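Here are my notes from going through the model, in numbered points. Have the structure open while you read.

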Amino acid sequence: MTTDQDLGLHCKITRRDLLHGAAAVGVAALTPGAAAAPSVYPPVYPPAGTGLRGSHKGSFETAHQLGRENRTDFGQAERSDGTDYDLIVVGGGVSGLAAAYFYRKEQADARILILDNHDDFGGHAKRNEFVVNGRHLIGYGGSQSIDTPSAYSKVSLGLLEELAIDLDGFHQAYDKNFYQHHGLTAGVYFDQATYGRDAFVPAGFLMDSHFISLADSPLTVEQAIQAMPISEQGRNQLMVACTTRGDSISEIDLTDVGEYLSSVSYATFLRERLGVTAPDVHALLQNAPAGFFGVGIDAIPALDAMLYGLPGFNHLGIPAGRWLARSAIRMLSDPYIYHFPDGNASVARLIVRSLIPDITRAISPSDVVQARFDYSRLDRPDHNVRIRLNSTAVQVANLKEGVDVAYVTGGKQHKVHARQCVLACYNMMIPYLCPELPADQKAALKSLVKIPLMYTNVALKNWRALKAAGVGFALTPSAFHQYLMVDFPVSIGGYQFPQSTEDPMILHFAMAATEPGLAPREQHRVGRARMLAT
């Protein structure tokens, strides 16, 4: 029998888990909905689609009508394919695909239908493909990596093993020396419009970049701060925060250090404990952690800022520093190398290949990385498992025998029946899909607000300029995106990460829409509205 312990229900959920699990990756435009069943091969191969791909046009309008406008009448519901299923899964992300996978392990001949409102499966595990000068590039447009697998439950590790994902193999696939070999470091990009001049200042001490092994900065901390185009007051205060040793919280007992640092924001800690009051320093650091936490320094606890690697914690003194170092070691116990070229989209693709074997000729995970999937085979009546894209669920009704699920595709409502149903979709939608749920359960489900996170991938013809400037990772405090980085250097199977600066390269940008001054959840609400309107 599988226990809660096996499933990992005893494990803590980290902030990275929260962000990656609740992120809304991208907003807006590509192709309109396809026909219902069987699916029509899309006019654009979904992983190769450009523009905004996360919540693309056609994927969210019906859900907004249901949740925001309280629409319940979507027309006469037609039986879409005449098939009764054993299981219907609402949501074709990794969790929904895994639900189907485990259900089929228990019932090998089960008929399963997976509904998803997007034009591709995988949910937040998005795959982006480019062809530049005849070279095929693969990038991740969402869920990034298999993060800290040593903390995975037996069930999760078992799934990876059954999918033939060799975690040890990433030690060879991931080029740990790539950034150092090319002299790519971390720093800050200052733009002329905001700071009076364009400048990239190597300053890795201002940010966390433990997840990529960047080259050391060619500048000392003092040299980097002096090179920054900020006020003299700002440079002096930043210098004190980054270089002076001592103990700014000596009156706090060692056992209470964690509690204290969890109780104040990093911005408050900078002002009250380190005397960093210069507005341009706060502006410089404001969104440094946003891509990781979904909020800036006004809303993350000082403890999280320390564990993330932000500056100013030399002042804690040696005993507190040792205490925090132990926490950091626990947090960062695995190397951040378990990354397919398309992030966790390969995990989703491997599950789909297991459920629908003839979707691709690829056999091994390394083959799947480059394989082209035949989307016309996702929803075929001769398959026991079917994945129906561009289909937004609008009602899930419990019956005396089984469940009816209504969904909208191509502007028409359809209905399907199953013995059982799993809702693996956005939690906030569930109360609208199942209004019969108890009030307290609906309130809890509605309390989740997705972090408005946007990933942007740009395919460059070459990366000579990046190497010349030594840019591997850059904070961009005055730009729309809050940071950019050279893609992860992973070569798997026949896919080769570019080595020469003359080769095409993917540059990855990230932005979390924040609204400083509000509570995190309210920041996410405002940020989502702002992103949707952009």
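**Notes on the model**

A search of the whole structure finds zero disulfides, a disulfide being a pair of cysteine sulfur atoms within 2.5 Å. Before the details: this is a predicted model, where local features need pLDDT of at least 70, side-chain atom pairs count only at pLDDT 80 or more, and totals for chains, interfaces and linings use all residues. Residues are numbered from 1 along each chain as its sequence is written, and side-chain values use heavy atoms, with hydrogens and water left out.

1. C434 is in no disulfide either, with the nearest cysteine sulfur, that of C421, 7.2 Å away. C434 counts as buried because its relative accessibility is 8%, while C425, at 22%, counts as partly exposed. (Buried is under 20% relative accessible area, exposed over 50%, partly exposed in between, with a 1.4 Å probe and protein chains only.)

2. C421 turns up again in a sheet: it is the bridge partner, in β13, of I88. Strands β4 (residues 78-90) and β13 (residues 412-423) run parallel and are joined by eight bridges. Strands here are DSSP runs (E, at least two residues), as are helices (H or I, at least four), numbered from the N terminus.

3. The sheet itself is open, with six strands in the order β10-β5-β4-β13-β12-β11 and mixed pairing. Its edge strands, β10 (385-388) and β11 (392-398), each pair on one side only; pairing takes at least two DSSP bridges between two strands.

4. Next, have a look at N457, in strand β14 (residues 451-460). N457 counts as buried because its relative accessibility is 13%. Which side chains does the side chain of N457 make polar contacts with? One is that of N128, at 2.9 Å, and another is that of H508, at 2.8 Å. (A polar contact is a pair of N or O atoms within 3.5 Å; within protein, one must be able to donate a hydrogen and the other to accept it, and residues adjacent in sequence count only if both atoms are side-chain atoms.)

5. Leaving aside neighbours within four places in sequence, N457 also has F130, Y140 and I506 among its contacts, contact meaning heavy atoms within 4.5 Å.

6. Last, helix α5 (residues 154-162): G158, L159 and L160 are buried there. The buried residues of α5 pack against α4 (94-106) and α17 (345-355). Just after α5, A164 takes a positive phi of about 65°.
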